[in-house]
Amino acid sequence: PYHTILTAQGSLYQQWQTKIFYYHFRKQQAAGGRCTEMTGFTRLLAGKPDELMPTIPTVAVPEAGHNVTRGFPVINRPWSMLLFIDMKEFRERIIERYVYIAETDHLLRHDIPNRATPQLAVGYFFPYMSPKDPKSGGIAQKWLPDTKVADMPPVGPSPILIHVDLLRAVTPLWYELSWKLKRDPEANAAYGWMLEMWGYSIAAARLKIKHFVWQRIQIEPSAAWHQTLSERDGDWAPAVDPFIYHYTFGVEYLLDGSPVVGGKGTWSLDKRNYFGAAPPPDLKAPPECAQEAGRVWWGMFNEAIGNLTKEGQWYGRTGQSTRSRTSDESTELEAAMGALGKELVDGGQWLIGNEKAPLQFFRRGKLWTKWGGGTWRVTGGTKVEMQLCGAVTLTFDSATAPTRFDYTAGGRAGKGVRDPAFAAAAAAPPDA
């Protein structure tokens, strides 16, 4: 068995995350039944006692001052842990021999089994924590005088499962190095928001604390990566089914389900949207074509917020929902495609020319052929213009149920048909 220690601060931003975390903690703890290893729970609050303490088991310690954090509040994690391990509350509350260090933006999807041992901690590999990176690893080596940087575990301090004795051993150096790295201009510039994570990893390497890197323990999706959470037959992505959904990155979509990278989508779920007010109940659903991760996150938020609202534990004043408007560039483009364009996109692959080369139409005017990519647009009625190493005009046999087309390109002409592998599906009624 292990004790969950949720490190937190007292801001509204972290309070609402804490409520959602604790809801799913209790749910998964109950799902594990009497055999669960998720036993004790403590919210380690860096700050003054607050209104969550009557309903969420909490130990409060003084928040680190600016002389400690230098404007980087995450240093409160090792700071608060350093204070906690010397308190009588630690000895009284932590009766388990292992702890799971959690963050407020963790969503527990399953009852987490303990894979740690007295000599081996369990962590998650963060790609941006790789000691093989020449710049970051080179800086870390300066703080590892008697250890090769390649021996540094590419993990942070959360999520980890760790024996209490190892936690007691690593915490003082974890805090000391985080403090020193913040004051080192080179390390501070290179590590940024990851600085305290590097402090932990360097401390673990110096103390020879080994970590088992367990990738199933969590996933960190965005709209652009790590979208598959569950097993799917034939999917290119491996079955993951992680225990923790870490919503450190936002998920952004246009209304047609196209992911938005580097900006805000018309459908947006991002914890940073709720700095000043908690998320509201009944968040709007993701677009139909959005990938799995966004649906999982949205569903877990709605479940927790809905039940906490019924219990009178949510907020009267809340922030915006997930959908900001009813149309965007994607829906405008889809409207411009008309009936013919929708059939070309939704109806599957086409074959063009005597060699029956594949031709695939995509939303937003993109297409693919064996000769490369190009663009397309409906020019009226049954006509489509393609740009593919020059202009190509296609004339289809129908605007609403196309099955074949004639094409002209300069002085050449030819024909095309819907790929027979897709023709039956395209012709079938919606409920077939």
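Me: A helix axis is a line fitted to C-alpha atoms over the stretch in contact, and angles run from 0 to 180 degrees between N-to-C directions. At what angle do the axes of helix α6 and helix α8 cross?

Reply: The general idea is that two packed helices are described by the angle between their axes and the distance between the axes. This model is predicted. In it, helix α6 covers residues 164-183 and helix α8 covers residues 195-206; their axes cross at roughly 130° and come within 8 Å. That angle makes α6 oblique to α8, because angles from 65 to 115 degrees count as roughly perpendicular and those over 145 as roughly antiparallel. The crossing of this pair is right-handed.

Me: Which residues of α6 and α8 meet?

Reply: From α6 come V170, L173, W174, L177, S178, L181 and K182. From α8 come L195, E196, W198, G199, Y200, I202, A203, A204 and R206. The contact of α6 with α8 divides into 11 nonpolar, 2 polar and 3 charged residues.

Me: How is the packing of α3 and α6 read: what are the angle and the distance between their axes?

Reply: Again, an angle and a distance describe a packed pair. For α3 and α6 the angle is about 140°, and the axes are 9 Å apart. So α3 is oblique to α6. Their crossing is left-handed.

Me: Which residues make the contact between α3 and α6?

Reply: R77, P78, W79, M81 and L82 in α3 meet L167, T171, P172, W174, Y175 and S178 in α6. By class, this contact has 8 nonpolar, 2 polar and 1 charged. W174 and S178 of α6 are also in the list of residues that meet α8.

Me: What angle do α1 and helix α9 make?

Reply: The angle is about 95°, with the axes of α1 and α9 (residues 292-310) 10 Å apart. That makes α1 roughly perpendicular to α9. The α1 side of the contact consists of W16, K19, I20, Y23, H24 and K27, and the α9 side of M300, F301, E303, A304, I305, N307 and L308. These residues divide into 8 nonpolar, 2 polar and 3 charged.

Me: Now the spaces. How much space lies in the largest pocket?

Reply: A pocket is an open set of points, whereas a cavity is one from which a probe cannot get out. In this structure the largest pocket holds about 750 Å³ of space. Its lining has 31 residues, and those nearest its centre are Q14, V74, R77, E103 and K271. Two or more lining residues come from each of β1 (2-9), α1 (12-32), α3 (76-84) and α8. The lining divides into 13 nonpolar, 11 polar and 7 charged residues. R77 is also one of the α3 residues that meet α6.

Me: How many cavities of 30 Å³ or more does the structure hold?

Reply: There is 1 such cavity. The largest cavity has a volume of about 30 Å³. Its lining is D256, S330, L333, E334, M337, R363 and R364. Of these, 2 are nonpolar, 1 is polar and 4 are charged.

Me: Last, the backbone. Is the peptide bond from S158 to P159 cis or trans?

Reply: In general, most peptide bonds are trans. The bond from S158 to P159 is cis, with omega near 0°. P159 sits in the loop between α5 (134-142) and β7 (160-163).

Me: And K208: is its phi positive or negative?

Reply: Most residues other than glycine have a negative phi. K208 is not a glycine, yet its phi is positive, about 60°. K208 is found in the loop between α8 and β8 (210-213).

How values were computed. Residues numbered from 1 in each chain as written. Predicted model: local features only at pLDDT ≥ 70, side-chain atom pairs only at ≥ 80, totals over all residues. Heavy atoms only, no water. 1 Å grid on protein atoms, 1.4 Å probe; cavity = no way out; pocket = protein on both sides within 12 Å on 5 of 7 lines; lining within 4 Å. Points joined across faces, edges and corners; volume = space filled by probe spheres on them. Nonpolar A, V, L, I, M, F, W, Y, C, P; charged D, E, K, R; others polar. Helix = DSSP H or I, 4+ residues; strand = E, 2+ residues; numbered from the N terminus. Parallel < 35°, antiparallel > 145°, perpendicular 65-115°, else oblique. Left-handed = near helix turned anticlockwise from the far one by under 90°. Contact = heavy atoms within 4.5 Å.
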